[in-house]
Amino acid sequence: MNALLKTIKSCIAVLLIGGLGAWFCQTKAGSYLEEEFGLTELFQIRGTLPAPADVIIVSIDQASAEILHLPDDPEKWPRSYYAHLIDKINFQKPAIIAFNIHFGENRELKDDQMLAKAMAEKRNVILSNYLKQYKVPAFPPLDEIQYERVIEPIPLLNNAALGAAPFPIPKTSSTVKEFWTYKHSAGDIPTFPISIFQYYVIKTAYPEILEPLSKLDPVLHAKLPKTFPKLTRKFRTIQIFQDIQAALTKDPESLDQLAEVIADADYSPKVKQLLQSWLALLKSDERLYLNHYGDVGAITTVPFYQVSMTSILDPNLFKDKIVLVGYSENLEPEKNQGFYTAFSKASGKVISPIEIAATAIANVIDQSWLKPLSMRSRLILIMAWGTLLCAIFFFFPYKTSTISTLLLMAAYVQLSGVLFASKNIWMPLAIPLLQAVVVLLTQSVAYFIKVRKVSECYLPKEVFDYNTQHPQGMNHYGVLMQGVCMATDAGQYTTLSETINPLQLNNLMNDYYAAIFPSVKNHQGLISDVIGDAMLAVWATAKIDIKLRLNACHAALEIKSAIDRFNATSEYYLYTRMGLHYGEMRLGNVGAMEHYEYRAVGDTVNTATRIEGLNKLLGTRILISAAAIEGLAGFFSRELGTFLLKGKTITVTVFELIGYVEEINRTQKHWQLLLVSFSNALALFKNYQWQQALDAFVAINNQYPDDGPTRFYISYLQNNLPQLSDNESKEHATIIDIGKITPTIALNY
């Protein structure tokens, strides 16, 4: 039953940890957690990457404005400066020059014409246009309709360029993580980074692209010139590349055929890599995750003013590279033109749009954009991870499970980091780690509750709390208290232990203690010790309190009734005797650092044990000292005399606790008659009237032959009458010294 319950709990845990993790993964909050924390952590684990070799930035920055004595606002810079910039860059034969600047207004005609001429000379310049959003009223149930419109550069510059493309940046709550490849909402137009990449591909691999095109679209192939320079003079390259791309990928079969052709072809490594990157881009989503190379400035950047001073530049700095021109993040920071990334957010810097564009282009060239697992794969992973965590705690102990979970967490982080760094694969990180933390916390709480519950079977709550908070003080922990100690013992236990096997004996004693322990607990007692068939319980406080003695007596009578019920149903009969004494005791830790036990220590404990043993001589079940029963109302008891217990030097007056006065008066009236007769006989004994006392006890025995104390006194007087009569000193004659009792007197009940 316990195993089934544990299995059910584990299944519920799997559903909660795995199922909730999978559900959370699909929510906005889950995506936010993975992007803001998981992705950031993966970037930090991986660290920075070398700057991409194919891309370089020319930054329009504050230093250039100051050195060239230009306005702080780059919008007011004469466009002739950009014309000179193009000429100087083209001197080194770059692959392409791209301006992330929107030339949307006419300026000085002479400067505009100079810029258009510089752009048209090599036909290798791409501009950015502007994607403007519009809202118009709509009929119900819609409130409005949104659409986007492309705002092109001025015609003079737009016609001189290879083309223009927008560069909208999808921005999350705090950082930029993605870039668009195509803007389907604006007519399936390629974005600025993709347009640059397409031009770079067609320029680098134009002959190789024409080869499959001749088979897939002969008409388009016939229209195209055989060399790339002629292509750029005859067509707007961005548009013609869209036509070529549409012809080569008009259906999935064509795309697969093209992939096979590229894989089998004997192209140069660079050409093959570019074409494979292009095919990968075609199969990708509309939005891709940026794989940042590092903090601001991770991509090679040259200030505008340095390019103007050609003499200080490396003569091959721009050769065959994609050159991006745009505003730097430190130019007019009050306009908030920059963005945060996983790296720059930590440093407090912002990254400029031109560096984001450069990152996107470099990612596309080498297929290094981040590739998150598909939603299906993420759900399977998170469910499997949650199942694994729960299984560990199901099959292994808490300590082993905790260590294993921590090691698994470290291994998972390591694996995620390796895949992220080597394959650009983005595995969920935040949610799996959160799952692990939740499992560790819940299992730790559950384990602590179990430990607490188990410890309370051995220690009081306050003792557990103190010892866990002050383990170094365990050797000295203890409190001097006033209270009652109860000692119990089960008769015939020794004989039983010889006749039944240990497992049966263990089960029997567990059932036995299950019958008597609740009586102690229900009356605020503490079970101090259990050895075999013997129990030691205490009721103690730092101050004298009559409730302690009342509770102990109530518990003793309850135990008596519980044992009667137990013996009525048990295969084995366990005659139980109890002894109670009141006095001072120390309640605390006993032992050394290797092993401690929490128990009562003192003469009160020893006396209670000796009183319990007295039951064997007197044939009684519950004996209690005068100190414990004195002044307690409602209990029916009788004094049995004064005894010097074995090994003791101080005498104890002992009473038999029989029951409750009300119950005795109602159902067991013979006890009242016995009490009167026994008290009279005991009074004769105390008055040294030995023969009269013996006669009185014999008379009682004739009427109540099963009364143990009466039989004890008859035997005691018969064996000691000559000595008692000859004893000149009557001072101690009425004190019964248990150590001197002969075996023939012992009743051994």
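The legends below accompany several close-up views of a predicted model.

**Figure 1. Overview of the protein and its secondary structure.** The protein, in this predicted model, has 749 residues, of which 49% are buried. Its secondary structure comes to 29 helices and 23 strands. When contacts between residues at least 6 apart in sequence are considered, 73% of them join residues at least 24 apart.

**Figure 2. The largest cavity and the residues that line it.** The count of cavities of 30 Å³ or more comes to three, and the largest cavity holds about 40 Å³ of space. Its lining consists of Glu 208, Ile 209, Pro 212, Leu 248, Leu 258, Val 261, Ile 262, Tyr 267, Leu 275 and Trp 278. Three helices, namely α8 (206–216), α12 (252–264) and α13 (269–282), each supply at least two residues of this lining. Sorted by class, the lining has nine nonpolar residues and one charged residue, with no polar residues.

**Figure 3. The crossing of helices α7 and α13.** Helix α7 (residues 192–204) and helix α13, the latter being one of the helices that contribute to the lining of the largest cavity, have axes that come within 10 Å and cross at roughly 140°. The crossing in which α7 passes α13 is left-handed. On the α7 side, the residues in the contact are Ile 194, Phe 197, Tyr 200, Val 201 and Thr 204, and these meet Lys 270, Val 271, Leu 274, Leu 275, Ser 277, Trp 278 and Leu 281 in α13. Taken together, the residues of the contact of α7 with α13 divide into nine nonpolar, two polar and one charged. Leu 275 and Trp 278 take part in this contact and also belong to the lining of the largest cavity.

Figure 4. Because its relative accessible area is 2%, which is under 20%, Thr 576 counts as buried. Leaving aside residues up to four places away in sequence, Thr 576 touches Thr 488, Asp 489, Ala 490, Tyr 512, Ile 563 and Arg 621. The view also takes in Ile 559, which is 17 residues from Thr 576 along the chain, and the C-alpha atoms of these two residues are separated by 9.0 Å.

Definitions and conventions:
Residues numbered from 1 in each chain as written. Predicted model: local features only at pLDDT ≥ 70, side-chain atom pairs only at ≥ 80, totals over all residues. Heavy atoms only, no water. 1 Å grid on protein atoms, 1.4 Å probe; cavity = no way out; pocket = protein on both sides within 12 Å on 5 of 7 lines; lining within 4 Å. Points joined across faces, edges and corners; volume = space filled by probe spheres on them. Helix = DSSP H or I, 4+ residues; strand = E, 2+ residues; numbered from the N terminus. Nonpolar A, V, L, I, M, F, W, Y, C, P; charged D, E, K, R; others polar. Axes fitted to C-alpha atoms, helices over the stretch in contact; angles between N-to-C directions. Left-handed = near helix turned anticlockwise from the far one by under 90°. Contact = heavy atoms within 4.5 Å. Buried < 20%, exposed > 50% of the residue type's maximum accessible area, 1.4 Å probe, protein only.
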